[in-house]
Amino acid sequence: EKAAAEAAARQKAEDDARRAAAEAERQKAVQEKAAADREPQLTERDRKHIQVALTALGHDTAGADGILGPRTRAMIAAWQKRQGAPDTGYLTSQQFLALKQQAAQPLER
């Protein structure tokens, strides 16, 4: 009887942990969608500029192909974190302009 109660308690704890993990994933997806919805509509040229700017600032995006894939999103998030902003991996219009401006400064020297 004691063993059955312990097994049931373990099962409940595992179920609770799975539910918490699923909820955390759902929340992350909601946050990513909200960030993506706030991101300006970017042309391919804009996306390439983002990658070039990140590379100029020391973030390795593995080239400027104009595709904001997982690696580029991670580099955007790293740049955002350095700015003290939420590291969503999705740029707001203001962040897009700030990124381009920061990248242009070293090039002007």
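The axes themselves are lines fitted to C-alpha atoms, for helices over the stretch in contact, with angles running from 0 to 180 degrees between N-to-C directions. The model looked at here is predicted, so local features need pLDDT of at least 70 and side-chain atom pairs count only at pLDDT 80 or more, while totals for chains, interfaces and linings use all residues. Residues are numbered from 1 along each chain as its sequence is written, and side-chain values use heavy atoms, leaving out hydrogens and water.

To start with the overall layout, the protein has four helices and zero strands, and its elements run α-α-α-α from the N terminus on. Helices (H or I, at least four residues) and strands (E, at least two) are DSSP runs, numbered from the N terminus. Of the 109 residues, 25% count as buried; buried means under 20% relative accessible area, exposed means over 50%, and partly exposed is in between (1.4 Å probe, protein chains only).

Now for α2 and α3. Their axes come within 11 Å and cross at roughly 55°, and the two helices are therefore oblique to each other. On the α2 side, I50, Q51 and L54 meet T72, M75, I76 and W79 of α3.

Several of these residues turn up again in the largest nonpolar core, whose 12 residues include I50, L54, M75, I76 and W79, along with A53, F96 and A103. Such a core is a set of buried Ala, Val, Leu, Ile, Met, Phe, Trp, Tyr and Cys residues joined through side-chain atoms within 4.5 Å. The elements giving it two or more residues are α2, α3 and α4. With neighbours within four places in sequence set aside, F96 is in contact with L42, D46, I50 and L91.

The loop between α2 (44-56) and α3 (70-82) holds H59, which is buried at a relative accessible area of 4%. Not counting residues up to four places away in sequence, H59 touches L54, M75, A78, W79 and R82. A62 is found in the loop between α2 and α3 too, but A62 is exposed, with a relative accessible area of 55%. Most residues other than glycine have a negative phi. In A62, phi is near 65°, a positive value in a residue other than glycine.

Leaving aside neighbours within four places in sequence, Q95 is in contact with W79, Q80, A85 and Y90; the C-alpha atoms of Q95 and W79 are separated by 9.8 Å, across 16 residues along the chain. A104 is also found in α4 (residues 93-108) and counts as partly exposed at 27% relative accessibility. A104 and A53 are 51 residues apart in sequence, yet 7.7 Å apart in space, C-alpha to C-alpha.

Notes:
Contact = heavy atoms within 4.5 Å. Parallel < 35°, antiparallel > 145°, perpendicular 65-115°, else oblique.
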